[in-house]
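Biologist: I would like to learn how to read a protein model feature by feature. Could you take me through one?

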Amino acid sequence: MLIRNAEIRGHGLADLRIAQGRIAAIGTLAPLPGEPVRDAGGGALLPGLHDHHVNLAAAAVRRISVSCGPPDVTDAPALARALDLPGSGWVRGVGFHESVLGGELPDRHALDRLMPHRPLRIQHRTGRMWLLNSMALDDLLARAEPPPGLDRQSGRLFDEDAWLQRALAATPPDLSGVGAELARCGVTGVTDMSPRNDPAMAAHFAAQRRTGRLAQRLVLAGAPELADAPPDGWHLGPLKLHLHEAAMPGFDEALAFVRAGRARGRPLAVHCVTEVELIFALALIEECGAMAGDRIEHVSVASPELVERMAALGLWACVQPHFIAERGDRYLADVEPRHHADLYRLRSLRDAGLAMAGGSDAPYGSLDPWTAMAAAVSRRTPAGAVIGADEALTPEQALSLWLADPLDLSRERRIAPGAAADLCLLDRPWAQARERLCARDVAATWIGGDPAWGLNRSSS
């Protein structure tokens with residue numbers, strides 16, 4: 001295939017040939033006999049974007065779940081309307097935040113009043129807690145013995161997703177809808193960061209890729225057992241440690257977990273959304289010694305001193321700038337004012353020399369990387385406040401977060417002969433696109449030279 005008249009990143013206006021899934025040539029090229037031709041009309045041609053932190057299975061299931069939190073649901077009447085559903089059988093809600101009920105977590109009796117006739121489970125926005133009504137609780141306890149993380153009085157289930165899935169005999173979801181949504185945004189690769197990824201989930205992901213339900217290239221982080229699973233349509237990512245300040249592991253226990261990963265050659269990726277979690281993570285890595293590829297996920301609250309410690313260890317940072325745009329007003333209300341300047345730093349991390357990449361954290365954030373780039377530039381909350389104006393990036397720097405090599409965040413992927421033909425074509429030049437940073441500008445996406453999104457407007 002020949003793409004003509006494209007503004008190719010790093011090359012300027014030129015033509016590009018795809019052959020056998022790779023970029024065969026760049027320059028002023030004449031069509032070969034019978035070769036399909038796509039006229040880019042001067043639109044920017046970029047390396048395909050990579051989402052460096054996503055939870056694919058949860059994102060797929062969210063598509064068939066009821067939104068129970070901001071921005072769709074912001075108060076008790078709206079929650080009642082969302083759950084006013086006919087029918088029978090289980091209802092799965094997602095995205096709940098205490099602000100919906102004036103800062104309160106509902107117990108099972110409160111959920112009974114909202115939905116008395118169907119078993120209901122609602123996931124907290126953090127992804128670590130489920131809120132159950134009485135019918136749900138009774139159903140689950142009839143199926144399985146209660147786990148340690150279940151409070152039967154309140155109906156709250158904490159950090160027990162594996163138990164919940166076993167009790168409900170849940171099977172991994174089809175990923176075709178999520179893959180299509182990513183392709184529409186120009187995303188050609190993902191790093192799945194679920195800490196529960198194990199060989200069984202890896203086999204499911206591999207099957208989804210073999211059957212074409214997931215076209216994106218895949219890096220899997222997750223459990224230690226992944227080191228023993230032969231990659232099949234995916235690359236092995238880091239060992240994932242999901243910290244939560246309300247239930248921190250013992251330091252020695254966490255140290256043993258990290259060292260077990262080190263013994264298998266696995267770098268570490270640590271979930272850090274509070275200052276305490278980041279301090280704990282840095283202490284762990286300092287005790288074990290940093291390994292190439294160690295990374296901090298989210299870096300939600302980071303003082304300048306902690307940024308310096310990250311830089312001294314040579315850590316990578318995977319950031320989610322869109323959380324300012326999605327949740328910034330709630331942060332301003334909930335986070336101590338002394339930490340407002342520390343929220344979701346970007347420029348400080350870059351200036352300190354940290355290798356950076358961007359991720360969606362979907363389904364806990366939007367899958368759309370362009371909204372995240374726009375948030376990295378504007379730093380605006382939904383109400384229009386600006387958080388950390390000095391932390392803003394240029395559009396080019398924001399774009400580069402999604403161009404990092406998923407196996408080496410210090411390296412940016414480039415369009416070059418011999419590289420895989422993973423490409424994102426915009427419908428306008430970059431000089432115009434940088435002012436919008438909008439997914440609607442994506443005209444076509446190719447993964448390994450195969451069209452994944454966009455009309456194949458070919459001519460001979």
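**Reading the model**

Modeller: Gladly, and let us begin with a pair of strands: strand S13 (residues 187-192) and strand S14 (residues 217-222) pair in the parallel sense over four bridges. Strands of a sheet pair through backbone hydrogen bonds, either parallel or antiparallel. Two strands count as paired if DSSP finds at least two bridges between them. Strands (E, at least two residues) and helices (H or I, at least four) are DSSP runs, numbered from the N terminus. Within this pair, Val-190 stands opposite Leu-218 in S14.

Biologist: What should I keep in mind about the model itself?

Modeller: The model is predicted, so local features need pLDDT of at least 70 and side-chain atom pairs count only at pLDDT 80 or more, while totals for chains, interfaces and linings use all residues. Residues are numbered from 1 along each chain as its sequence is written, and side-chain values use heavy atoms, with hydrogens and water left out.

Biologist: Which sheet do S13 and S14 belong to, and what is its strand order?

Modeller: They sit in an open sheet of eight strands, ordered S6-S13-S14-S15-S16-S17-S18-S19, with parallel pairing. Its edges are strand S6 (49-54) and strand S19 (355-358), each of which pairs on one side only. On average, neighbouring strands of this sheet are turned by 25 degrees against each other, direction ignored.

Biologist: Where can I look for antiparallel pairing?

Modeller: Go to S11 and strand S12 (residues 156-158), which pair in the antiparallel sense over two bridges. Asp-151 has Arg-156 in S12 as its bridge partner. These strands belong to an open sheet of six, with the order S7-S8-S9-S10-S12-S11 and mixed pairing. Here strand S7 (66-67) and strand S11 (150-151) are the edge strands, each pairing on one side only.

Biologist: How do I describe two helices, say H9 and H10?

Modeller: Two packed helices are described by the angle between their axes and the distance between the axes. Axes are lines fitted to C-alpha atoms, for helices over the stretch in contact, and angles run from 0 to 180 degrees between N-to-C directions. For helix H9 (residues 275-288) and helix H10 (residues 304-313), the axes come within 11 Å and cross at roughly 30 degrees. H9 and H10 are therefore roughly parallel to each other (angles under 35 degrees count as such). Their crossing is left-handed, meaning that the near helix is turned anticlockwise from the far one by less than a right angle.

Biologist: Is Asn-133 buried or exposed?

Modeller: Asn-133 is buried, with a relative accessible area of 0%. Buried means under 20% relative accessible area, exposed over 50%, and partly exposed in between (1.4 Å probe, protein chains only). Asn-133 lies in the loop between strand S10 (129-132) and helix H4 (134-143). Its side chain reaches the backbone oxygen of Arg-118 at 2.8 Å and the backbone nitrogen of Ala-136 at 2.9 Å.

Biologist: What happens around helix H13?

Modeller: In H13 (residues 369-378), the buried residues include Pro-369, Trp-370 and Met-373. At its start, a side-chain oxygen of Asp-368 reaches to within 2.8 Å of the backbone nitrogen of Trp-370. Just after H13, Arg-379 takes a positive phi of about 60 degrees.

Biologist: How many disulfides are there?

Modeller: The structure holds zero disulfides, a disulfide being a pair of cysteine sulfur atoms within 2.5 Å. For Cys-438, the nearest cysteine sulfur, that of Cys-185, is 9.4 Å away. Cys-438 is buried, with a relative accessible area of 14%.

Definitions and conventions. A polar contact is a pair of N or O atoms within 3.5 Å; within protein, one must be able to donate a hydrogen and the other to accept it, and residues adjacent in sequence count only if both atoms are side-chain atoms. Angles under 35 degrees count as roughly parallel, over 145 as roughly antiparallel, 65 to 115 as roughly perpendicular and the rest as oblique.
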